Amino acid sequence: MAASPDAAAVQNIREVTEMVASRKLYSAGFITDIEADKVPPGLSEDVIRLISAKKEEPEWLLNFRLKAYRRWLTMTEPEWAHVSYEKVDYQSISYYSQPKSMKDGPKTLDEVDPKLLETYRKLGIPLREQEMLAGVQNVAVDVVFDSVSVGTTFKKKLLEAGVIFCPLSEAVKTHPELVKKYLGSVVPFADNFFAALNTAVFTEGSFVYIPKGTRCPMELSTYFRINERNTGQFERTLIIADEGSHVSYLEGCTAPQRDENQLHAAVVELVALDDAEIKYSTVQNWYPGDEDGRGGIYNFVTKRGDCRGPRSKISWTQVETGSAITWKYPSCILRGDDSVGEFYSVALTNHRQQADTGTKMIHIGKRTKSTIVSKGIAAGRGQQSYRGLVRMLESAEGARNHTQCDSLLIGDQCGAHTFPYTEVRNPSATLEHEATTSKISEDQMFYCRARGIGEEEAVSMIVNGFCKDVFKELPMEFAVEAQKLLAVSLEGAVG
Amino acid sequence: MLLEITNLHARVEEKEILKGLNLSIKPGEVHAIMGPNGAGKSTLSNVIAGREGYEVTDGSILFEGQDLLALDPEVRACAGIFLGFQYPVEIPGVSNMTLLKAAVNARRKHNGESEIAPNDFLTWVREQAKKVKIDPKMLSRGVNEGFSGGEKKRNEILQMLVLQPTLMILDETDSGLDIDALKIVSDGINALRGPARSTVLVTHYQRLLDYVQPDFVHVLARGRIVRSGGPELAKELEEKGYGWLEAA
């Protein structure tokens, strides 16, 4: 086991854990006392026991975490991705730091980095939301939403429909049978290095359950999950769409999100039962680091959907413009006959950003169908890789896949790479793969300029056109924001 | 004077193409520039519009009295210069409406005006599209994406009708057009003729000039204007070719 840096702190954790274990009852006051303690950096079984105790978790969940942790210790960080970065020191991270203190935040917007505010302004974000995003003191998210009473209306409507939408840690208590049945059933605890780490230490995330035959009355968004202010470093999301149900889930927002945590290792699991449909849309705009590649988030995410029932459908749409390093492959396991998997992606890397992203479509059921549309844009010194696997098992009679994978280069110092993998074990399967790499041509630029359109606007217009096939999959208001976001992210890419 | 070109020398990749070209255009005039292949006709169009890679080594171009060569291409366009391309490029995924709107608003911004109201704009574009027989459905398609040669040229004229430029430079707009398309394109050009607006028709053939009557015809050869005259000069060229002028 890895050693913790601070022996006294470890001793402290041991004592607390033992106290918790001996009491078996967790009074609110006691929890508050613990929260006042600063959990030192470092990862050990004791830290995991502490996290689990703080969350008042049942024993099976603690054991699940520990199993993952023990396996993680034997695993090595993957190096096959086309990215290079300085390795994370896992013993320097504090694995339990919530609730995050507002005391250290800026007092008013005047204290916030003007560059950040300028970006908010360009994206058209209202002032109250700007304060929230910048982490200004005493501006609670619920205040922002309560002022227009969106939050309240929202909760009431969901309740009427029987939809469960709450933090995962809450669901563990209120719907333990569902969590126990589905957690880790799509992404096993030992799936990969980052998923194992997440399983061991996750502290935040969402839980969604859509009952049989229910169409979720509104788009669910992390944006509206009013009881959590910060997105966690190790988020864990679980969405279950029961038979014949339908849900659209939006993750993230277009505003640039700053975070002191460099490593983000989230896990998202989706389960679609018979005839159910899940649409999962992401706009990821974490801090990308500065123009020379200093700072920035490592975004190492495992996202996977299981089309468990016949005729079920899972659709991933992502717009990835942020983070210094992106390592992300939202995937579909097409288990049910006639199930459908989709992956629509726009990934942009500017300056020194690196992205290795794509998908996996695993065809198991008969007549399963998958569509992949990937649009990668590299500017500055950005590096962009598409990595996709289409696997058709022997059982996948009549399965079909269509992959379209396009890269757009802006400037001559960036790079775009394509790594497609295919495995077909059923001769009746159909696979189509189209790939293009293009540059914004001098002809296109001059054409726009000769019509009076300036260089930056022309680039942004051409890039948006390139991404159209993906943007049209996004919910309407998200699509508009995504276009603005691309324009902002491309600033400084020309000239 | 709307456009005044004096002793223009320009080169492309170290090769001098224009060698002391002079041309003056007054408001309301239509000038045809004819000449053999490689004489520098397209170079002249590109130099006026400000394309990168065309280096002006000597001479000047004044547009409404201001030094055109000091301006970026988008500023020239906003000032009222329009280049109709010989080979209009495709911009996949960017709809014709998006491009037109960006172009119109860029010019309005340049003139210190607010953005155009979406409804007014739509009505205006549809009216113009009718003039060049462009189906409204084509407006939502990508710029020149999958357009036939004739459709691309008609689309250039549509942009010109929408933007209402002061100086229209049409670079071999007639090439590759059948007679019906040539008629439509000519009607579009003629519709914009007026006392404040000037046109430069760059062409190989007399054909276009049967539909758009020029006030002046110039022959461009070996990088300069070697002869100027009225419409009758075009007819003479049609009969005799360029050889007699090049030898001169």
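Contact is taken to mean heavy atoms within 4.5 Å. On this criterion, 19 residues of chain A touch 32 residues of chain B. The model is predicted, so that local features require pLDDT of at least 70 and side-chain atom pairs count only at pLDDT 80 or more, whereas totals for chains, interfaces and linings use all residues. Residues are numbered from 1 along each chain as its sequence is written, chains are lettered from A in the order in which they are written, and side-chain values use heavy atoms, with hydrogens and water left out.

Between them, chain A and chain B bury about 2100 Å² (accessible area, 1.4 Å probe, lost on putting two parts together and summed over both), and 63% of this area lies on carbon and sulfur atoms. Of the area that chain A buries against chain B, 39% comes from Phe446(A), Tyr447(A) and Arg451(A), more than from any other three residues. The interface of chain A and chain B holds 5 salt bridges (a side-chain nitrogen of Lys or Arg within 4 Å of a carboxyl oxygen of Asp or Glu). One of them joins Asp443(A) to Arg51(B), with the closest N and O atoms 2.3 Å apart.

Within chain B, helix H5 (residues 149–163) packs with helix H6 (residues 179–192) at an angle of about 15 degrees, the axes being 10 Å apart. Helices are DSSP runs (H or I, at least four residues) numbered from the N terminus; axes are lines fitted to C-alpha atoms over the stretch in contact, and angles run from 0 to 180 degrees between N-to-C directions. H5(B) and H6(B) are therefore roughly parallel (angle under 35 degrees).

Terms used
Helices (H or I, at least four residues) and strands (E, at least two) are DSSP runs, numbered from the N terminus. Angles under 35 degrees count as roughly parallel, over 145 as roughly antiparallel, 65 to 115 as roughly perpendicular and the rest as oblique.
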